[in-house]
Amino acid sequence: MSENRPVLVVIGPPGAGKSVLGRRVAKLLRVPFVDTDRRIVASHGPIATIFAERGEEWFRAAERIEVARALVERAVVALGGGAVLDPDTQADLAACRVVLVTVSADAVGDRIRGSVRPLLENGLESWQAIVDARRQLYERLATRTVDSSERTVLSLAHEVADWIRREDAA
Ligand SMILES: Nc1ncnc2c1ncn2[C@@H]1O[C@H](COP(=O)(O)OP(=O)(O)O)[C@@H](O)[C@H]1O
Ligand SMILES: O=C(O)C1=C[C@@H](OP(=O)(O)O)[C@@H](O)[C@H](O)C1
Ligand SMILES: [Mg+2]
């Protein structure tokens with residue numbers, strides 16, 4: 001992996017655990033961590049407000065700008081679940097090491113319940129529809145897949161960090 005590429009990009013459905021896993025892997029590898037959603041919030045305010053006031057299309061355009069910036073940083077980068085819908089992001093990810101985090105509907109229920117998440121207003125039903133629509137895309141872009149349903153963040157993070165260390169030593 002070249003210097004102007006991420007150490008790792010984390011993709012997957014909302015609530016899979018991309019943000020918490022990415023942060024932990026970055027810590028283990030002692031590299032910076034970037035969460036593109038956090039950068040969008042820092043620049044434009046809460047994501048739910050952006051969706052409500054400017055719409056999804058505006059959000060996706062702002063998201064693409066932050067993703068393009070992040071994908072030339074030597075960091076662990078966690079994307080928002082829908083960032084992979086952008087064709088330019090799909091092309092960029094072809095040159096990156098990408099981990100897909102999956103989660104079962106059973107396990108994600110508790111994680112998304114009560115949180116304000118655009119596109120998930122109908123709870124588990126809308127979550128399942130999003131996952132079904134994106135599954136093939138996620139799988140096509142992933143170098144490796146981990147399932148977070150019955151694993152702690154720490155155990156997943158060690159598995160992913162060990163994989164990266166092994167690859168980079170080879
Ligand atoms: N492996 C896991 N086990 C249990 N809870 C988890 C796990 N990974 C994430 N969570 C919880 O699920 C919620 C969503 O995690 P987050 O990292 O924000 O997901 P994403 O970025 O994929 O939407 C958080 O409350 C987080 O603490
Ligand atoms: O899947 C999606 O379309 C979205 C996922 C969210 O991020 P997380 O996947 O980190 O929850 C956030 O970017 C936005 O609410 C849209
Ligand atoms: Mg996230």
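This is a predicted model: local features need pLDDT of at least 70, side-chain atom pairs count only at pLDDT 80 or more; totals for chains, interfaces and linings use all residues.

Me: Which helix gives the largest share of the shell around ligand 1?
Reply: The shell around ligand 1 holds 14 residues, and the closest are Gly 17, Lys 18, Ser 19, Val 20 and Arg 111. Two helices, H1 (18-29) and H8 (153-169), each supply at least two residues of this shell. The largest share is three residues, and the helix they come from is H1.

Me: How many residues of the shell around ligand 1 are charged?
Reply: The shell around ligand 1 contains 14 residues. By class, five of them are nonpolar and six are polar. The number of charged residues in the shell is three.

Me: Is Ser 19 buried or partly exposed?
Reply: Ser 19 lies in helix H1, and an unreviewed UniProt entry places the feature "binding site" there. Its contacts beyond four places in sequence are Asp 35 and Ala 78. A residue needs 20 or more other C-beta atoms within 10 Å to be buried and 12 or fewer to be exposed. Ser 19 has 19 such atoms, so its class is partly exposed.

Me: Which residues around ligand 2 are found at the sequence positions 80, 81 and 82?
Reply: The residues around ligand 2 include Pro 14, Lys 18, Ser 19, Asp 37 and Ile 47. Arg 117, Pro 118 and Leu 119 also belong to this shell. By class, the shell around ligand 2 has four nonpolar, four polar and three charged residues.

Me: Is Gly 81 buried or exposed?
Reply: Gly 81 sits in the loop between strand S3 (76-78) and helix H5 (87-93). Leaving aside neighbours within four places in sequence, Gly 81 is in contact with Gly 12, Pro 13 and Pro 14. With 23 other C-beta atoms within 10 Å, Gly 81 is therefore buried.

Me: Which helix holds Arg 134?
Reply: For the feature "binding site", the unreviewed UniProt entry lists Asp 37, Arg 60, Gly 81 and Arg 134. Arg 134 has 17 other C-beta atoms within 10 Å, so it is partly exposed. The helix that holds Arg 134 spans residues 123-141 and is H7.

Me: What is the orientation of helix H3 to helix H4?
Reply: Two packed helices are described by the angle between their axes and the distance between the axes. The axes of H3 (residues 47-54) and H4 (residues 56-70) come within 7 Å and cross at roughly 130°. That angle makes the orientation of H3 to H4 oblique.

Me: How many nonpolar residues are in the contact of H3 with H4?
Reply: From H3, the contact takes in Ile 47, Ile 50, Phe 51 and Arg 54. These meet Glu 56, Trp 58 and Phe 59 in H4. By class, the contact of H3 with H4 has two charged residues and no polar ones, and the nonpolar residues number five.

Me: How far apart in space are Val 98 and Glu 73?
Reply: Val 98 belongs to strand S4 (residues 98-102) and is buried, because 22 other C-beta atoms lie within 10 Å. Beyond four places in sequence, Val 98 touches Val 9, Ile 11, Leu 93, Leu 141, Ala 142 and Thr 143. Val 98 and Glu 73 are 25 residues apart in sequence, and their C-alpha to C-alpha separation in space is 14 Å.

Definitions and conventions:
Residues are numbered from 1 along each chain as its sequence is written. Chains are lettered from A and ligands numbered from 1 in the order in which they are written. A residue is near a molecule or strand if its C-beta atom, placed from the backbone, lies within 6 Å of it. Helices (H or I, at least four residues) and strands (E, at least two) are DSSP runs, numbered from the N terminus. Ala, Val, Leu, Ile, Met, Phe, Trp, Tyr, Cys and Pro count as nonpolar, Asp, Glu, Lys and Arg as charged, and the others, Gly among them, as polar. UniProt positions are given in the numbering used here, feature names are shortened, and annotations may be inferred rather than shown by experiment. Two residues are in contact if their C-beta atoms, placed from the backbone, lie within 7 Å. Axes are lines fitted to C-alpha atoms, for helices over the stretch in contact, and angles run from 0 to 180 degrees between N-to-C directions. Angles under 35 degrees count as roughly parallel, over 145 as roughly antiparallel, 65 to 115 as roughly perpendicular and the rest as oblique.
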